[in-house]
Amino acid sequence: MWTLVIYLKKSDHMKEILKIAIRQKTRKFLEDRISGIEKMRFDDIEINPFLIASIKNQFDMKNQRDLAEWIVNQRVERGLVTAFGGTLQKIAKEFANVKTTPGFTMSIKKNGCTYNILITSGPNPYAKPQAVPIVKRMLESAEREPRTMPVLGMCYGNNDVVSNVVKTEFKEIKYLAGRDFWEFISGDSKCRDEVLEVIYETANKFQDSEKRNIQRIKEKKIKEIEDVLRYNYGRDKNKFWKKLFRDVYI
């Protein structure tokens, strides 16, 4: 794992070593999506006939292909936000220059103070019942170590869209969102844009070791699920839906 151990000066462009780390983590995120799609099996998929009955016509699903596409897309998208949130945290952590304090995502030291940072993906990370014990733990960490300061960092957004829960429950804690967060951990006002550019360029050109992209693997899986639906519930699209609703889980 590459770890940046110096701060970027405001006049510097992003160091190549950091760009390499971002590319690696972006590729890993995309490769894991491919792996997840490939491992998808029809027998592992929960088919909710009540849900499908309610959305079939609303989503203009006419045949086995339409249902297979919905099933695969639903599975692919379900964990996408959470998975990429973890990737963003790992990218941000590349700016750490001291050992991470337990209970936080990363720690940085500057101006004689150690900042212990809890990183979330977006600006609406917690409901109030979640936030209260997190705030308590962060404040207690500062009491134990007076030369430290807890920080809540949000990878995207800005202060206008930060949730009211954060604004009220974290009022005793420094919190930063989006561009302000990336500048704080890097010392570079351009950091947010450069990180985004590297992610975009890497994903735009992405293929795995077999020259495949996510769309290609997804299309193959849709065809596989379509074939299973045809085999299990009939090829005649006019009878397919009746058989599916009647026979699923029987």
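What share of the 250 residues of the chain counts as buried? In this predicted model, 41% do.

**View 1. Overall fold of the predicted chain.** The chain has 10 helices and 4 strands. Along the sequence they run α-α-α-α-β-β-α-β-α-β-α-α-α-α. The C-alpha atoms fill a box of roughly 70 × 40 × 30 Å along the principal axes. The radius of gyration is 23 Å, whereas a compact globule of 250 residues would have one near 18 Å. Among contacts with a separation of 6 or more, 66% join residues 24 or more positions apart.

**View 2. The largest nonpolar core.** This core holds 27 residues. Leu67, Ile225 and Leu229 touch the most other members. Two or more residues each come from helix 1 (16-39), helix 2 (49-55), helix 3 (64-78), helix 9 (214-233) and helix 10 (237-247). Helix 3 gives the largest share, 6 residues.

**View 3. Surroundings of Ile225.** Sequence neighbours within four places are left aside here.

**View 4. A second, separate core.** This core has 25 residues. Leu88, Ala96, Phe181 and Val198 are among them. In soluble globular proteins, nonpolar side chains tend to be buried together.

**View 5. Surface and charge of the chain.** The chain exposes about 14800 Å². Carbon and sulfur atoms supply 51% of that area. There are 47 positive and 34 negative side chains. The centres of the two sets lie 1 Å apart.

Note on methods:
Residues numbered from 1 in each chain as written. Predicted model: local features only at pLDDT ≥ 70, side-chain atom pairs only at ≥ 80, totals over all residues. Heavy atoms only, no water. Rg over C-alpha atoms; globule rule 2.2 N^0.38 Å. Buried < 20%, exposed > 50% of the residue type's maximum accessible area, 1.4 Å probe, protein only. Contact = heavy atoms within 4.5 Å. Areas by Shrake-Rupley, 256 points an atom, 1.4 Å probe, with all protein chains shown as cover. Lys, Arg positive; Asp, Glu negative; His and termini not counted. Charge placed at Lys NZ, Arg CZ, Asp CG, Glu CD. Core = buried A, V, L, I, M, F, W, Y, C linked by side-chain atoms within 4.5 Å.
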